[in-house]
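Here is a briefing on a two-chain model. Look over the sequence and the structure first, then read the points below.

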Amino acid sequence: MPTVTMTVNGMERSGNVEDRTLLVDFLREHLGLTGTHVGCDTSQCGACVVHVNGTSVKSCTCLAAQADGAEVTTIEGLANGTELHPMQEAFREHHGLQCGFCTPGMVMSAVDLANRNPDPSEHEVREWLEGNLCRCTGYHNIVEAVRAGAQAMGGGS
Amino acid sequence: MSANGSGIGASVKRKEDQRFLTGRGRYTDDINLPGQLYGYILRSPVAHANIGGIDTSAAMAAPGVHAVFTGKDMEGVGSIPTGWLIHSKDGSPMVEPPHPALAIGKVRYAGDCVAIVVAETKRQAKAAANLVDVDYQELPAVASIEAAEADGAAQVFDEAPGNVCYDWEVGDKGATDAAFEGAAHVVSIDVVNNRLVPNAIEPRAAIANFDPATDEYTLYTTSQNPHLIRLLLGAFVLGLPEHKLRIIAPDVGGGFGSKIPHYAEEAILTWTAGQLGRPVKWTCERIDAFKSDTHGRDHISTAKLALDADGKFLGLHVSTKANLGAYLSTFATCVPTYLYGILFAGPYTTPAVYCEVKSFFTNTVPVDALRGAGRPEATYLLERLVDKAAVELGMDRVEIRRQNFIREFPYQTPVALQYDQGDYDATLDLALDASDWAGFEARRAEAAARGKCRGIGISTFIEACGIAPSAVVGSLGARAGLYESGSVRVHPTGSVSVFTGTHSHGQGHETTFAQIVSDMLGVDFAAVDVVHGDSAKIPFGMGTYGSRSLAVGGTAIYLAVEKVIEKGKKIAAHLLEASVEDIEFENGSFTVAGTDRSTSLGDVALTAYVPHNYPEGLEPGLEETAFYDPLNFTFPAGTHVAEVEVDPETGEVDVVAVTGADDVGRIINPMIVAGQLHGGLAHGIGQALLEDCIYQDDGQLATGSYLDYTMPRAADLPSFNINHNTTLCTHNPLGAKGVGEVGSIGIPPAVINAVIDALRPLGVNDMTMPATSQRVWQAIQQAQG
């Protein structure tokens with residue numbers, strides 16, 4: 001089995017994986033980073049969104065081999081120790097999560113939006129989140145959280 | 001009780017969030033046990049077939065495979081039970097066919113469990129499952145209510161002629177018929193309540209383990225009610241005593257009713273772990289979740305309302321046919337009966353109400369509770385009918401509702417319920433004001449100038465939550481009690497652990513319940529932890545559904561805290577050398593009334609565990625448990641207003657404004673309550689406009705993935721305008737009613753009434769859910785001729 005090596009949350013990680021291994025399975029099963037979730041099998045729900053080289057990617061739709069040599073950030077790598085990232089803090093402050101299952105993907109997706117657009121409108125946030133499903137919140141508080149988080153990030157991080 | 005910084009009434013940030021936001025939640029699929037094997041459930045690809053035989057030899061020989069089990073292997077195991085016995089009009093019990101965990105001889109829906117393949121890895125198990133050779137001898141299928149009741153229809157069960165499970169009724173038919181005889185107006189309606197797939201974003205999963213050292217089974221499972229699973233799985237299916245079966249429902253990623261039932265997979269996994277002596281893990285793929293998670297709704301109804309010349313309701317007659325799917329799931333039979341028919345008084349004084357429900361078996365996924373469970377179906381029918389009556393009688397849609405409101409409480413409805421309290425005028429007025437109902441015609445005209453058809457719709461509704469009391473539900477056929485337990489353990493140094501039999505899968509119990517206890521005991525919010533989801537830690541519980549957690553579970557905790565305070569007073573009296581009757585407790589201090597002599601809860605707790613100077617005859621320790629069996633249902637109520645714009649060229653419906661004015665009883669955490677309302681509203685708008693579970697005639701699920709089944713996405717929804725008017729529930733000390741299902745109950749008829757209001761100028765007078773652009777466009781074309 002081929003070896004893949006990538007920098008995950010700032011640490012170099014390697015593993016021997018089958019060619020067909022998805023990035024999400026590498027993260028969850030090989031590295032034990034279970035914060036990245038799997039909610040579907042058609043690349044629709046977005047619970048698995050991580051950053052690959054700074055861009056949000058559905059890790060269920062990316063082979064581990066495709067991320068060979070890449071910088072990968074998962075939800076576990078976003079906070080600075082116990083200090084939440086501004087987007088995480090905004091989700092907490094605005095009650096942008098309930099069961100928490102879609103949350104890692106939502107937050108990672110939102111950080112990518114904020115990096116591109118420091119002051120997204122409600123409409124822009126709703127359009128951006130097209131690839132992230134939430135069944136709990138009705139999106140209302142997620143939208144508020146993403147806008148506040150983007151502001152708090154001060155135009156990109 | 002007062003709203004301090006973290007007490008009752010404060011929007012405290014949630015305790016749960018730190019772990020969920022940092023990826024440290026612990027959902028079932030995140031858990032791995034040493035030596036664990038992986039199970040793959042092989043499901044029937046066809047809706048109805050005899051099983052001629054199953055050849056597992058090739059699968060058994062595949063790499064990594066440890067075992068393949070079929071229905072034959074599990075033949076001695078009990079049937080998956082259902083929780084509610086319904087009796088038909090003639091007094092006969094419902095037809096209750098067996099539900100083997102793994103199909104025996106016959107499969108009855110596409111998705112029915114046929115075999116489990118256990119291997120070293122997930123992929124090996126799935127690959128080997130492809131090698132299981134099942135001889136399906138296909139039979140004609142019935143995939144809808146219409147097909148099930150047709151002459152000569154295929155029979156799902158031989159013992160259920162005509163595929164009928166029961167033919168139930170509630171209310172006084174004679175009195176209702178008489179009301180129609182003298183009526184000035186009769187308004188009729190036919191409605192379909194579309195079948196939905198619950199779609200919690202976390203797929204179901206389970207890990208079962210058997211420990212030969214203790215003979216104890218442990219099952220991690222994605223459940224809303226772990227003790228209920230222990231009861232059903234242990235006592236009914238596998239014959240395991242409670243002390244040898246531990247059910248853990250850790251963090252659960254949403255339920256919405258679909259994680260109430262005891263599923264076949266839980267029994268299969270647990271039994272298999274016992275056979276192999278190794279932990280076995282199974283995680284449902286989404287594609288299998290669509291065809292194995294219980295579905296919701298699926299009613300066809302016809303109803304008529306009798307009115308006098310002034311628009312006063314005289315009588316209501318409802319006939320409903322409900323689809324139960326292929327087997328009776330845990331709450332399947334009570335959802336279309338005791339959670340549906342008894343809702344038809346709504347907020348109105350209709351003196352005579354009658355509802356009959358005939359429920360059918362079909363070759364489809366079992367149907368069970370889904371957010372609202374019966375109450376959305378009832379509310380949708382009633383509020384569509386009331387709107388239609390207003391139009392046909394030429395009355396104002398608001399006034400026809402207002403003039404029929406119940407205003408005196410307690411109010412005994414003609415369909416069993418007794419409402420304890422409410423103020424329907426107040427929520428109506430609040431909603432009209434907050435939605436600027438009066439200013440709507442100007443907005444309609446402005447939209448028309450842009451080529452859009454704008455409409456506004458309303459629904460005024462009640463719901464019944466916290467199903468109770470146990471003696472009553474027992475007399476109606478429930479096979480369990482519907483109480484709740486709460487335990488409060490004050491530790492020696494004054495921190496507190498709270499144990500609840502409810503389960504939080506998004507509702508924020510760890511926060512809300514801690515607020516109650518912190519407030520009542522005067523203990524720091526941070527010093528209170530709430531424990532749930534483990535049958536080995538919690539005395540007992542019935543779980544979370546029916547918006548019962550705060551009203552029933554919160555009250556149990558409240559009563560346990562009261563017991564703690566009572567015991568604390570005895571200890572304090574001893575320490576303060578006063579009489580117990582003179583001890584008052586407030587803000588964490590026990591004080592001798594009228595003096596400044598006091599001692600803290602912390603000192604009392606320490607004394608309870610280090611009882612050197614202690615009241616004679618009193619047990620050490622400071623921990624109390626309460627079981628609370630409510631006296632009645634609770635009755636949240638409210639008014640929802642939806643405003644839509646329809647593009648007549650495309651049929652696209654845009655929900656531009658949603659206003660809720662709700663009475664959910666005492667609000668502990670307004671932030672969490674608003675979140676619950678938002679989620680319910682989104683679910684309800686999804687049903688009204690987007691979501692539809694469609695079966696082909698042959699029983700194949702046509703909407704079996706997120707590519708085919710339209711889930712509401714952020715851009716499909718507006719922001720929500722939430723308002724409250726509170727009346728307190730009179731029969732629980734918190735005054736709590738419930739909030740989890742309000743949105744999905746109240747908003748669907750408001751949305752459809754708004755769509756019809758928008759399209760009425762084009763000649764459209766009816767609309768079926770979901771009002772997709774295709775359906776709306778077709779309705780416009782037909783109306784325009």
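What percentage of the 157 residues in chain A do buried residues make up? Buried residues make up 58% of them, where buried means 20 or more other C-beta atoms within 10 Å of a residue's own, exposed means 12 or fewer, partly exposed lies in between, and C-beta atoms are placed from the backbone. This is a predicted model: local features need pLDDT of at least 70, side-chain atom pairs count only at pLDDT 80 or more, and totals for chains, interfaces and linings use all residues. Residues are numbered from 1 along each chain as its sequence is written, while chains are lettered from A and ligands numbered from 1 in the order in which they are written.

**Chain A: overall build**

- Chain A holds 5 helices and 5 strands; helices (H or I, at least four residues) and strands (E, at least two) are DSSP runs, numbered from the N terminus.
- The order from the N terminus is β-β-α-β-β-β-α-α-α-α.
- The radius of gyration of chain A is 15 Å, close to the 15 Å of the globule rule for 157 residues, so chain A is as compact as a globular protein of that length. The radius is taken over C-alpha atoms, and the rule is 2.2 Å times the number of residues to the power 0.38.
- The C-alpha trace of chain A spans about 45 × 30 × 25 Å along its principal axes.
- Of the chain A contacts between residues at least 6 apart in sequence, 61% join residues at least 24 apart. Two residues are in contact if their C-beta atoms, placed from the backbone, lie within 7 Å.

**Where chain A meets chain B**

- Chain A gives 43 residues to the contact, and chain B gives 43 residues.
- On the chain A side, α2 (86-93), α3 (103-116), α4 (122-128) and α5 (140-153) each supply at least two residues.
- The largest share of that side, 4 residues, comes from α2(A).
- The chain A side divides into 19 nonpolar, 15 polar and 9 charged residues. Ala, Val, Leu, Ile, Met, Phe, Trp, Tyr, Cys and Pro count as nonpolar, Asp, Glu, Lys and Arg as charged, and the others, Gly among them, as polar.

**Chain B: strands**

- β1(B) pairs in the parallel sense with β12(B), residues 280-283, over 2 bridges; strands pair if DSSP finds at least two bridges between them. B:Leu37 stands opposite B:Val280 there.
- β1(B) also runs antiparallel to β5(B), residues 113-119, with 6 bridges. Here B:Tyr40 faces B:Val117.
- An open sheet of 4 strands has the order β21-β20-β19-β25 in chain B, with mixed pairing.
- β21 (528-531) and β25 (623-628) of chain B stand at its edges with a single partner strand each, so one side of each lacks a neighbour in the sheet.
- β20(B), residues 496-500, runs parallel to β21(B) over 4 bridges. B:Val496 stands opposite B:Val528.

**Chain B: a helix pair**

- α14(B), residues 509-521, and α15(B), residues 549-575, pack at about 35° with axes 10 Å apart. Axes are lines fitted to C-alpha atoms, for helices over the stretch in contact, and angles run from 0 to 180 degrees between N-to-C directions.
- Residues in this contact include B:Phe513 and B:Ile516 of α14(B), and B:Ile557 and B:Val561 of α15(B).
- The contact has 9 nonpolar residues, 4 polar and no charged.
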